[in-house]
Amino acid sequence: TWKQRDWNDDSQWRKLLRWTGDAQAVELYKDLAWGEIVVYTVVFGDYDRLQSPRITQYGIRYVSFTDKPIDVEGWENVVVDVDDPLFASRRYKALSHEYFPSARWTIYHDGNMSLRWTPRRILEELTSAKAEIVATRHPFNKDAYQEGAWVIGKGYTDPETVQRMLAKYRDEGLPDGGGCYQCGFLVRRHTPAVMAFNRLWWAEIESGSHRDQISFPYAAWRAG
């Protein structure tokens, strides 16, 4: 019997390829192991320079959303029309379950980044921790309030918008020290709870600031 952890070992994947052929192996992989996995990124408005993935694996899609055609080896390029690159990029980042409805897992990273671990190894670590969503803790900001103050201090966005968001979070009881996360790398399992988080997060971005690290802790807190 194939165990879930076996599929992180490419030797097992190569055995399945020899037994069944490429097309069948992809379908069997989806059924027997993690389900469909998508690694994706978003590059709008020439903000980042897309790099070829350092690591690719059979049966996993690598999708880049861009606002103009980009031919970079290893990526399946999807070109979309956008009016506001800042908010559009956040929408694609936040609503992973809408753009990949058949995926069980998505791994998002910013366009100027690349994965150093294989996707299956990342998911193995995630499932070992029994987590459904993973982000990197911010190196110095401890909560949405500190992140908002930092963003205002840097002049990155409209201060009144950020102040309104933080006042709302304070009124609703978002605690101090509740966590702050860097959103350039996100791993999500598309459970109902994660999809609810995605929708909450995007609603806060759309009605507030494109600086999504301000609203991420609030959405996570609200979604439970």
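**Notebook: helices, sheet and pocket**

Contact here means heavy atoms within 4.5 Å. Helices (H or I, at least four residues) and strands (E, at least two) are DSSP runs, numbered from the N terminus.

Before going on, I noted what I was looking at: a predicted model, where local features need pLDDT of at least 70 and side-chain atom pairs count only at pLDDT 80 or more, while totals for chains, interfaces and linings use all residues. Residues are numbered from 1 along each chain as its sequence is written, and side-chain values use heavy atoms, with hydrogens and water left out.

**The whole chain**

I looked up the overall content and found 9 helices and 6 strands in the protein chain. Of its 224 residues, 46% count as buried; buried means under 20% relative accessible area, exposed over 50%, and partly exposed in between (1.4 Å probe, protein chains only). The chain exposes about 11,600 Å², and carbon and sulfur atoms supply 47% of that area. These areas come from the Shrake-Rupley method with a 1.4 Å probe; for residues, only the protein chains shown count as cover. Among contacts with a separation of 6 or more, 68% join residues 24 or more positions apart.

Two strands pair if DSSP finds at least two bridges between them. As a reminder to myself, strands of a sheet pair through backbone hydrogen bonds, either parallel or antiparallel.

Is strand 1 enclosed or open? I count it as largely enclosed by the rest of the structure, because 7 of its 7 residues are buried. On one side I listed Ile37, Val39, Thr41 and Val43, and on the other Val38, Tyr40 and Val42. Strand 1 runs parallel to strand 2 (residues 60-66), with 7 bridges joining them, and Val38 stands opposite Arg61 there. Strand 1 (residues 37-43) also pairs in the parallel sense with strand 4 (residues 105-109), over 4 bridges. Across that pairing I found Val39 opposite Ile107 and Tyr40 opposite Tyr108.

**Strand 4**

Strand 4 is mostly covered, with 5 of its 5 residues buried. Trp105, Ile107 and His109 point one way, while Thr106 and Tyr108 point the other. With strand 6, strand 4 pairs in the antiparallel sense over 5 bridges, and His109 has Phe185 as its bridge partner in strand 6.

Arg120 lies in helix 5 (residues 119-128). I noted that Arg120 counts as buried because its relative accessibility is 0%. Arg120 and Gln57 are 63 residues apart in sequence, yet their C-alpha atoms are 8.5 Å apart.

Glu147 is in helix 6, and at 1% relative accessibility Glu147 counts as buried too. Leaving aside neighbours within four places in sequence, Glu147 is in contact with His138, Asn141, Cys180, Gln213 and Ile214. Its C-alpha atom is separated by 9.9 Å from that of Leu166, 19 residues apart along the chain.

**The largest pocket**

I finished with the largest pocket, which holds about 690 Å³ of space. A pocket is an open set of points on a 1 Å grid over the protein atoms alone where a 1.4 Å probe fits, with protein on both sides within 12 Å along at least five of seven lines, and lining residues have an atom within 4 Å of a point. Grid points are joined across faces, edges and corners, and the volume is the space filled by probe spheres set on the points. Of the 30 lining residues, Tyr47, Arg90, Lys93, Asp110 and Arg211 are the closest to its centre. Strand 1, helix 3 (85-94), helix 6 (144-154), strand 6 and helix 9 each give two or more residues to the lining. Helix 3 supplies the largest share, 5 residues.
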